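Good morning. Please have a look at the chain on the screen, and then I will go through some of its side-chain contacts.

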Amino acid sequence: MQGNTLCKRLILELHPFFFTLKVITVFKSLLHIFISEPPFFTEKPEAVSLVSVGGRKVFECKVAGTPEISMKWFKDGVQIHQSLKYKISFFTSVAILEVCVVSQQDSGKYFCEASNEAGRESCIFELVVKGWFSFLFVKGSTAAFASKVAGSAPFSVTWSKDKKPVLSSQKYIIVDSENVGLKIQDCDVDDVGTYQCVVANEVGIPPTFIKKIKNSVRLGQQLTLTATVNGSEPLTVSWVQDKEHILREDDNRRITFENNVVGLVVPKCVRADSGNYTITVENAAGKKTATLIEGLIVKAGTTIALPAKMVGIPLPTAKWMTDGKEITSEGRYHIQSADSTTTLSIPECQRADTGEYILTVSNPAGSKTVALHVTVLDLPGPPIGPINIMEVTPDYMMIQWRAPKDDGGTPITNYVVEKKDVKKPWEPWSVVSSSGTVTRAKVSRLEKGREYIVRVRAENKIGIGAPLESPPTIAKHMFNPPGPPGLPECSDITENAVTVSWSLPDYDGGSPISGYVVERREMTGKWIRVNKTPVLDLRYRVSGLFEGNTYEFRVFAENIAGISEPSLTSDPIKATRAITKPGPPGNLKLKDWSKSHADICWTKPTRDGGSPILGYVIEAQKSGTAQWDRINKDLVKMCAYRVPGLIEGLEYRIRIRATNKVGDSEPRELPQTILAKDILVPPEVVVDVSCRDSVTVRAGQIISLITRVKGRPDPEITWTKDARALGDSR
C-alpha cells in the first residue's frame with residue numbers, strides 16, 4: 001500500500017539520571033511491509049563455565065529479531081527472577097544474567113529463551129562451581145595434599161597459604177611431577193589456612209581478575225575504571241564500549257597497564273561515555289572478560305529519584321518497570337508524571353531495591369526504552385553460618401566462617417570478632433580482632449572450663465552488619481578422655497615383681513592414646529601409682545613387691561584431653577617365688593650296654609624351677625625314625641637306669657627329662673649313640689692273694705678258694721680236682 005503518511009521520529013537523549021525525549025514530525029511517502037522475524041542468538045555464552053565458590057558469574061547473550069523480544073532465564077528447568085541472588089537485564093539486544101556470590105548449589109544447566117510473536121529460540125550452557133575443600137588434621141601429624149594434572153610437561157608448581165607464597169623447606173615439601181602435591185610436616189595451629197596450588201607450563205597461566213572493575217560515573221567528572229589481574233606475561237588488554245566500540249587511547253582517554261593493574265581514564269565525562277564497558281585480558285593460556293554496567297549507586301535509607309524529561313508530539317506517556325513487572329504509584333513507589341517529565345521515587349530505599357529499572361515512553365509515533373541499574377549500598381548481611389569451631393583448647397579456640405551472602409553492595413573491608421563469657425551476661429562483648437578480611441580467627445585468652453559465645457560481624461564502608469553467633473563452647477580440649485583399658489592380667493609372678501598387661505580401650509576419645517598409668521594396692525589398702533611417666537606399651541613390669549603380700553592392679557588410659565576412668569581391678573596375686581619347669585638333668589653318661597639293654601646315669605638339674613624334682617623320664621629313638629618313645633612308665637626316682645628291650649644290631653639315641661609339679665624339663669641327650677650288641681672280653685681269672693700259693697687247713701674246717709672271674713659275656717665256670725670236675729653237692 002502506498003500513500004502519504006505522517007511519521008513521527010523519536011529521539012531519546014540520555015543525561016546522567018535525566019532523560020530528554022524529542023519528537024520531530026515529517027511527511028514522507030512510504031510503503032509499509034511488515035515482516036516478523038523470529039529471534040536468534042548472534043552471541044552465546046560458553047558451553048561450560050567454571051567459577052569458584054564465593055565468586056560471581058555473568059552470562060551474556062546477544063539476540064536479534066523483530067521487536068519486541070522477551071527474554072527469560074532458566075536453571076534446571078525453573079525460571080529465574082530478579083533478586084539479590086540474580087541480576088537480570090536486557091538492553092540494546094544484549095541479555096545479561098549475573099549470578100552473585102556463587103555457591104555449590106548454583107551448579108547446573110542454564111538456558112536463555114528469547115521469544116516474540118514470530119517464534120522462540122533458546123541456548124543452553126552449564127555452570128560448574130569449583131569449591132574449596134576442608135580438611136581436619138590432628139596436631140603433630142603430617143598433612144598431605146595431592147592432585148593429578150594434565151598438560152605438556154614440564155610444570156611449574158607454586159603453592160600459597162592465605163595468598164602468601166609457600167617455599168619448599170623441611171616444613172613444606174613440594175612435589176612437582178605429574179601428581180603435584182604439598183606435605184606439611186608436624187601440623188600446628190599456625191598451619192591453619194587456605195592453601196592454593198597454581199600449575200603452569202610453557203603456555204603459561206591464564207589471566208584472572210583479582211580485583212574487579214569499579215566505576216564512578218558523573219557528568220563532567222573524571223571516569224576511572226580499574227581492575228587488578230594476574231597471569232603469565234605477555235598480557236594483552238582491550239577495552240570495548242557497548243560490545244561494538246573498541247576504545248583507543250586519544251586526547252580524552254588514557255589506557256594504562258602497570259603492576260598488574262589495568263585502567264581506563266576519561267578526564268571529563270560526556271553523555272557519549274555512558275554505556276557498558278568490557279575489559280578483556282588475554283595471554284597464550286587463555287583469556288578473561290569483565291563487564292561494567294552503568295548505574296546509580298545510593299545509600300540505604302536515602303531516596304532514590306529517577307527523573308526523565310520527555311519530548312514528543314503528542315506528549316508521550318511513561319511506563320516504569322522492574323523485575324518484568326510494571327511499577328505503579330503505590331506503597332513505597334511514587335511516580336510523578338507532569339507535562340514533559342516523569343520521576344520515579346523510592347523513599348527510604350532498601351538493599352532489596354537494587355535492580356534494573358526500565359522506563360518506556362511512547363506515543364502514536366513509537367516508543368523508546370532506557371534502562372538504569374540501581375545499586376543500594378547497605379550494611380553487609382551476617383556471615384554465613386554456622387561458625388565452625390575448628391579447634392578448642394583450655395586457652396584458645398580457632399573459628400572459621402563464610403563471607404555474607406550479601407556484602408551490602410560494596411566489598412567487605414573487615415570482620416569484627418568478639419567473645420563473651422556465658423555466665424557473665426552483664427559484661428560487654430570483648431573484641432578479639434577487628435582488622436582483615438580473612439574468614440577465620442584465633443580467639444585467645446580463654447579460661448579453662450568457662451563457657452563462651454563468639455560472634456562475627458562483617459564491615460563495609462557503610463558500617464558494621466548483623467552478627468553471626470556461635471553456640472556456647474566450653475574452653476577445653478575438643479577431644480574427650482578415652483575409655484578405660486581392658487581388664488589387667490598378671491603373669492611372670494616372682495617374690496618381688498609381676499608383669500601386668502591389658503588391652504586397648506574401646507574408645508580413644510577422638511584423640512590418640514598418649515600413654516597408660518598403672519596403680520597397685522595391697523588388699524583393702526590405698527591405690528599407689530607405680531609408673532612415673534605414662535607407659536606406651538600394653539604391658540608393664542611392676543617391681544618393688546614384698547614377698548608373701550597379695551596385690552591388685554588397675555590401669556588408666558590418657559590422651560590430650562585427660563585421663564580415663566580406671567579399668568576393672570585385676571584378680572589378686574601373691575608375690576611368691578615363681579614355680580617353673582626344672583632345668584634339664586646334667587652329666588648324662590653311658591655306663592654299660594649289651595645286645596638287649598643299656599645302663600645310663602646322670603646328675604640332678606642345677607635348677608629345680610622352685611619345686612622338688614619328682615623324677616625322670618627316659619626316651620629312646622631308633623635309628624632311621626624321628627619318633628621318641630618313652631621307656632619308663634613310672635618316674636625314675638634315682639639318677640641311674642637300665643634301658644631294657646633293645647634289639648640286637650640297631651642303633652639307639654637316648655635322652656632324659658627332669659619333672660616337677662609344673663611339667664617336664666627340656667631334654668638332655670646322650671652324646672653318643674648306642675649299638676645294641678654284646679661286648680666280647682676273653683675270660684680272666686684272678687686268684688685271691690690269700691690262696692694264691694697254697695692253703696693249709698685243719699681237718700674238719702672249711703676250705704675257701706676265692707677267685708675273681710672277668711669276661712664278656714659272662715664266662716662259664718668249672719672247678720676241678722686232680723683233673724676231675726667238681727659238682728655242687730650239699
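**Rings, charges and a core**

R655 sits over the face of W628, 4.0 Å from the ring centre. A charge counts as over a ring if NZ of Lys or CZ of Arg is within 6 Å of the ring centre and within 35 degrees of the ring normal. K442 lies over the face of Y396 in that sense, at 4.5 Å from the ring centre.

Some background. This is a predicted model, where local features need pLDDT of at least 70 and side-chain atom pairs count only at pLDDT 80 or more, while totals for chains, interfaces and linings use all residues. Residues are numbered from 1 along each chain as its sequence is written, and side-chain values use heavy atoms, leaving out hydrogens and water.

Next, ring against ring. The whole structure has 8 aromatic pairs, meaning rings of Phe, Tyr and Trp (its six-membered ring) with centres within 6.5 Å; planes under 30 degrees apart count as stacked, over 60 as edge-to-face and the rest as tilted. The ring centres of W602 and Y616 are 5.3 Å apart and the planes are at 65°, so this pair is edge-to-face. Both W602 and Y616 are buried, which here is under 20% relative accessible area with a 1.4 Å probe, protein chains only. F59, W73, Y110 and F125 form one aromatic cluster.

Last, the largest nonpolar core: it has 22 residues, and F41, M71, W73, L97 and C112 have the most contacts inside it. Such a core is a set of buried Ala, Val, Leu, Ile, Met, Phe, Trp, Tyr and Cys residues joined through side-chain atoms within 4.5 Å.

Terms used:
Buried means under 20% relative accessible area, exposed over 50%, partly exposed in between (1.4 Å probe, protein chains only).
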